[in-house]
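Colleague: I have not looked at this one before. Could you show it to me and then take me through it?

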Amino acid sequence: MQNPVFGALCATLLGLAAGPALSHATLEKSEAAAGAAYRAVIRIGHGCDGQTTHTLRVELPEGFYNAKPMPKPGWTLETVKGAYARPFDNHGTQMTEGTREVVWSGGALQDDWYDEFVIRGTVGADVAPGTVLYFPTVQECAEGKADWTDVSGSKEVPNPAPGLTVTAGKADHGHGHGHSHGHGHGPDAQAAAAGGPVVLGDLALSGGFSRATPPGAPVAGGFLTIANGGDEDRLVAAHADFAGRTEIHEMAMEGEVMRMRELPDGLAIPAGATVELKPGGYHLMFMELKQPLVEGEMVNVTLSFEKAGEVSLPLAVGPRNAGAQKGGGHGGH
């Protein structure tokens with residue numbers, strides 16, 4: 001018969017051995033492609049030696065640009081700005097500095113609770129595949145702290161920093177910094193121009209088109225179909241070189257009146273669903289046009305998804321219709 005004291009001691013030792021493996025600060029997704037948007041979800045599963053965590057500090061690595069942290073109810077959010085070692089090309093604008101540290105404070109994450117802290121940004125297109133970007137993280141408690149800042153890459157250290165492994169980026173799936181009027185680039189863009197889909201992870205984008213605009217028209221619409229073969233995602237932003245700004249809109253009935261409004265939180269792409277952006281429904285709104293859209297040409301738009309990242313999609317410019325002539329080229333809305 002096993003000695004009960006020995007059994008209890010073994011259980012205690014096993015629990016201590018398993019504790020650190022389950023309690024490290026980690027990233028929800030440990031890989032991302034160079035040039036893609038990345039949602040850094042830092043998972044916290046314990047406090048500081050049994051104490052409640054009141055502050056979390058995350059240092060952002062070189063190569064992770066244009067970072068935007070997500071606020072958390074009950075916590076105060078602060079960011080620390082600093083210079084980049086190498087400038088970041090943000091849709092044609094050179095960014096020489098940005099957020100380098102994020103601090104959530106004033107919260108109360110108890111030792112036996114779990115929570116996630118989110119920072120969205122972009123992995124640099126020039127980051128070499130195989131590079132590990134580390135996010136050193138420190139939990140602060142009333143007396144002491146939990147320090148996850150070791151960037152050696154060793155699995156033996158007790159306090160490894162959360163690490164993101166960079167994979168090879170897809171051709172022309174970065175920021176779409178091409179000519180505003182030109183042919184699509186890369187095999188996926190060529191496939192789209194020939195009627196085939198552009199594939200980005202579990203997403204397949206097809207049928208992209210816009211409409212020709214008269215000289216001086218201020219706006220135009222963009223339309224496409226998004227088929228999602230994986231988990232739920234969200235179209236969160238769009239950019240086009242030929243427009244001053246691009247927004248995600250919907251047309252919807254309010255009483256007996258059809259109204260157009262921006263979707264500030266983006267457009268949800270449900271798991272296993274197909275979402276169509278079309279005239280009279282969801283669509284892209286190209287505003288402050290820099291030049292007319294010409295029938296028969298191709299224009300490029302860069303779409304940013306919350307999980308899948310960024311992709312450049314060519315849109316075929318079709319003919320105007322009567323509604324478009326009166327509505328400034330925006331599909332007659």
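Predicted model: local features only at pLDDT ≥ 70, side-chain atom pairs only at ≥ 80, totals over all residues.

Colleague: Where is Thr213, in terms of strands and loops?

Modeller: Thr213 is in the loop that runs between strand E14 (203–211) and strand E15 (219–228).

Colleague: And is Thr213 buried or exposed?

Modeller: Thr213 has a relative accessible area of 5%, and buried means under 20%, so Thr213 counts as buried.

Colleague: Stepping back, how many helices and strands does the protein chain have?

Modeller: The protein chain has three helices and 23 strands, and of its 333 residues 44% count as buried. Among the contacts in the protein chain with a separation of 6 or more, 72% are accounted for by residues 24 or more positions apart.

Colleague: Which residues have the most contacts inside the largest nonpolar core?

Modeller: They are Leu205, Leu284, Phe286, Leu303 and Phe305, in a core of 31 residues. There is also a second, separate core, which has 29 residues and includes Leu27, Ala32, Leu56 and Leu109.

Colleague: What about rings, how many aromatic pairs are there?

Modeller: The count comes to eight aromatic pairs. One of them joins Phe64 and Phe135, whose ring centres are 5.2 Å apart and whose planes are at 70°, so this pair is edge-to-face.

Colleague: Which parts of the chain does that pair tie together?

Modeller: Phe64 lies in strand E5 (residues 64–69), whereas Phe135 lies in the loop between strand E9 (132–134) and strand E10 (137–141), so the pair ties together parts that are 71 residues apart in sequence. Phe64 is buried at a relative accessible area of 1%, and Phe135 is buried too, at 0% relative accessibility. Ring pairs also bring in Tyr38, which is linked with Phe64 and Phe135 into a cluster.

Colleague: Which residue lies over the face of Phe117?

Modeller: That is Lys72, at 4.8 Å from the ring centre of Phe117.

Colleague: Last topic, what pLDDT does the protein chain average?

Modeller: The average is 82, and 80% of the residues score at least 70. Over residues 171–194, however, the pLDDT is below 50, and this stretch has 64 contacts in the model beyond near neighbours in sequence. The pLDDT is also below 50 over residues 322–333, a stretch with 27 contacts in the model beyond near neighbours in sequence.

Definitions and conventions: Residues numbered from 1 in each chain as written. Heavy atoms only, no water. Core = buried A, V, L, I, M, F, W, Y, C linked by side-chain atoms within 4.5 Å. Buried < 20%, exposed > 50% of the residue type's maximum accessible area, 1.4 Å probe, protein only. Phe/Tyr/Trp six-rings, centres within 6.5 Å; stacked < 30°, edge-to-face > 60°. Helix = DSSP H or I, 4+ residues; strand = E, 2+ residues; numbered from the N terminus. Lys NZ or Arg CZ within 6 Å of the ring centre and 35° of its normal. pLDDT = per-residue confidence, 0-100. Contact = heavy atoms within 4.5 Å.
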